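Me: I am new to this structure. Please show it to me, and then let us go through it in questions and answers.

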Amino acid sequence: MKEIFPGIEIDQNIQFGKPVIKGTRVPIEILIGHIAAGDTIESIMEEYRLTRTDVLAALKYATKLVSEEAVISK
């Protein structure tokens, strides 16, 4: 496992190397999808047995990725 962001890890043998919550197999993309669908942090915590810190780490990681995107206008 390699920690790529606080609370976020990658490992080629877990979820095909996609970022997951540290110490779990829960992909970040799944958590962000739940939030985008309107699920509460509490319901996500319960469904995946995560802490609020875990869910917030996923949001912070997603924010970091979006903030680093380059916008190319035509």
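**Loops, helices and salt bridges**

Reply: Gln15 is found in the loop between β2 and β3. Strands (E, at least two residues) and helices (H or I, at least four) are DSSP runs, numbered from the N terminus. This is a predicted model, where local features need pLDDT of at least 70, side-chain atom pairs count only at pLDDT 80 or more, and totals for chains, interfaces and linings use all residues. Residues are numbered from 1 along each chain as its sequence is written, and side-chain values use heavy atoms, with hydrogens and water left out.

Me: What is the phi of Gln15, about how many degrees?

Reply: Gln15 is not a glycine.

Me: Is Gln15 buried, partly exposed or exposed?

Reply: Buried means under 20% relative accessible area, exposed over 50%, and partly exposed in between (1.4 Å probe, protein chains only). Gln15 has a relative accessible area of 28%. Gln15 is therefore partly exposed.

Me: Which loop holds Arg49, and is Arg49 buried or exposed?

Reply: Arg49 sits in the loop between α2 and α3. Arg49 is not a glycine, yet has a positive phi of about 55 degrees. Its relative accessibility is 79%, so Arg49 counts as exposed.

Me: Are α2 and α3 roughly parallel or roughly perpendicular?

Reply: Helix α2 covers residues 41–48 and helix α3 residues 52–67; their axes come within 9 Å and cross at roughly 110 degrees. Axes are lines fitted to C-alpha atoms, for helices over the stretch in contact, and angles run from 0 to 180 degrees between N-to-C directions. Under 35 degrees counts as roughly parallel, over 145 as roughly antiparallel, 65 to 115 as roughly perpendicular and the rest as oblique. So α2 and α3 are roughly perpendicular.

Me: Which residues in α3 meet α2?

Reply: Contact means heavy atoms within 4.5 Å. From α2 come Ile41, Glu42, Ile44 and Met45. In α3 they meet Arg52, Val55 and Leu56.

Me: How many residues in the contact of α1 with α3 are nonpolar?

Reply: Helix α1 (residues 28–36) packs against α3 at about 95 degrees, with the axes 10 Å apart. Ile28, Leu31, Ile32 and Ile35 of α1 touch Val55, Ala58, Leu59, Tyr61 and Ala62 of α3. Ala, Val, Leu, Ile, Met, Phe, Trp, Tyr, Cys and Pro count as nonpolar, Asp, Glu, Lys and Arg as charged, and the others, Gly among them, as polar. No residue here is polar or charged, and the nonpolar ones number nine.

Me: How many salt bridges does a search of the whole structure find?

Reply: Side chains of opposite charge can pair when their charged atoms come close. A salt bridge is a side-chain nitrogen of Lys or Arg within 4 Å of a carboxyl oxygen of Asp or Glu. The search of the whole structure finds four.

Me: How many residues apart in sequence are the parts tied together by Glu3 and Lys22?

Reply: The side chains of Glu3 and Lys22 form a salt bridge, N to O 3.6 Å. Glu3 lies in strand β1 (residues 2–5), and Lys22 in the loop between β3 (20–21) and α1, so the parts tied together are apart in sequence by 19 residues.

Me: Which residue forms a salt bridge with Glu29?

Reply: The closest N and O atoms of this pair are 2.8 Å apart. Glu29 lies in helix α1, and its partner in the loop between β2 (8–10) and β3. That partner is Lys18.
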